[in-house]
Amino acid sequence: AGVRGEEVIALIPARTDTVAWQSNVPSADAICFWAGRIKFLDEKGLPRHGAPFPSALVYWGERRKRFAQAFRPFGQVVVPA
């Protein structure tokens, strides 16, 4: 339980078998499993190669429905009951 109004979104590798995932992600308020590989832009704004691993956006905060609306177009969103 954090401070009211506090929100965190972490972009992390979707490596569900790791200690880091198992220790931190179960407390999340929502998770987006990104479809495909995230692509980053270079300094000129041109697409670079995609990430070499699957990614997830992990959310902690009170606006999980808003998070789900914003990221549903980009992957599977899981919102714990």
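## Reading the model

Q: Which residues does Ser-55 touch, not counting residues up to four places away in sequence?

A: Ser-55 touches Leu-11, Ile-12, Pro-13, Ala-14, Cys-32, Phe-33, Trp-34 and Ile-38. Keep in mind that this is a predicted model.

Q: Where is Ser-55 found, by strand? Is Ser-55 buried or exposed?

A: Ser-55 is in strand 5, which covers residues 55-60. Its relative accessible area is 5%. Buried means under 20%, so Ser-55 is buried.

Q: Let me step back to the whole chain. How many helices and strands does the secondary structure come to?

A: There are two helices and six strands. Read along the sequence, they follow the pattern β-α-β-β-β-β-α-β.

Q: What box do the C-alpha atoms fill?

A: Along the principal axes, the box is roughly 40 × 25 × 20 Å. The chain has 81 residues, and 25% of them count as buried. Its accessible surface comes to about 5900 Å². Carbon and sulfur atoms account for 56% of that surface.

Q: How do I read the contacts between residues at least 6 apart in sequence?

A: Look at how far along the chain the partners lie. Here, 65% of these contacts join residues at least 24 apart.

Q: And the charges of the chain: how many are positive and how many negative?

A: There are 11 positive and 7 negative charges.

Q: Now a hairpin. Which strands form one, with five residues between them?

A: Strand 3 and strand 4 do. They run antiparallel, and two bridges join them. Leu-41 stands opposite Pro-47 in strand 4.

Q: What phi does Gly-45 have in the turn?

A: Gly-45 has a positive phi of about 85 degrees. Its place is the loop between strand 3 (39-41) and strand 4 (47-50). With 39% relative accessibility, Gly-45 counts as partly exposed.

Q: How many residues apart in sequence are Gly-45 and Gln-22, and how many Å apart in space?

A: They are 23 residues apart in sequence. In space, C-alpha to C-alpha, they are 35 Å apart.

Q: On to the rings. What describes a pair of aromatic rings?

A: Two values do: the distance of the centres and the angle of the planes. This structure holds five aromatic pairs. In one of them, the ring centres of Trp-34 and Phe-74 are 5.1 Å apart, with planes at 10 degrees. Planes under 30 degrees apart count as stacked, so this pair is stacked.

Q: Which parts does the pair of Trp-34 and Phe-74 tie together?

A: Trp-34 lies in strand 2 (residues 30-34). Phe-74 lies in the loop between helix 2 (64-71) and strand 6 (75-78). The pair therefore ties together parts that are 40 residues apart in sequence. Trp-34 is partly exposed, at 23% relative accessible area. Phe-74 is also partly exposed, at 39%.

Q: Which residues form one aromatic cluster?

A: The cluster is formed by Trp-34, Tyr-59, Phe-67, Phe-71 and Phe-74.

Q: One last residue. Where is Pro-73 found, and is Pro-73 buried or exposed?

A: Pro-73 sits in the loop between helix 2 and strand 6. Its relative accessible area is 62%, and it is exposed. Pro-73 and Tyr-59 are 14 residues apart in sequence and 16 Å apart in space, C-alpha to C-alpha.

Definitions and conventions. Residues are numbered from 1 along each chain as its sequence is written. This is a predicted model: local features need pLDDT of at least 70, side-chain atom pairs count only at pLDDT 80 or more; totals for chains, interfaces and linings use all residues. Side-chain values use heavy atoms; hydrogens and water are left out. Rings of Phe, Tyr and Trp (its six-membered ring) pair if their centres lie within 6.5 Å; planes under 30 degrees apart count as stacked, over 60 as edge-to-face and the rest as tilted. Helices (H or I, at least four residues) and strands (E, at least two) are DSSP runs, numbered from the N terminus. Buried means under 20% relative accessible area, exposed over 50%, partly exposed in between (1.4 Å probe, protein chains only). Contact means heavy atoms within 4.5 Å. Accessible areas come from the Shrake-Rupley method with a 1.4 Å probe; for residues, only the protein chains shown count as cover. Lys and Arg count as positive and Asp and Glu as negative; His and the chain ends are not counted. The place of a charge is taken as NZ of Lys, CZ of Arg, CG of Asp or CD of Glu. Two strands pair if DSSP finds at least two bridges between them.
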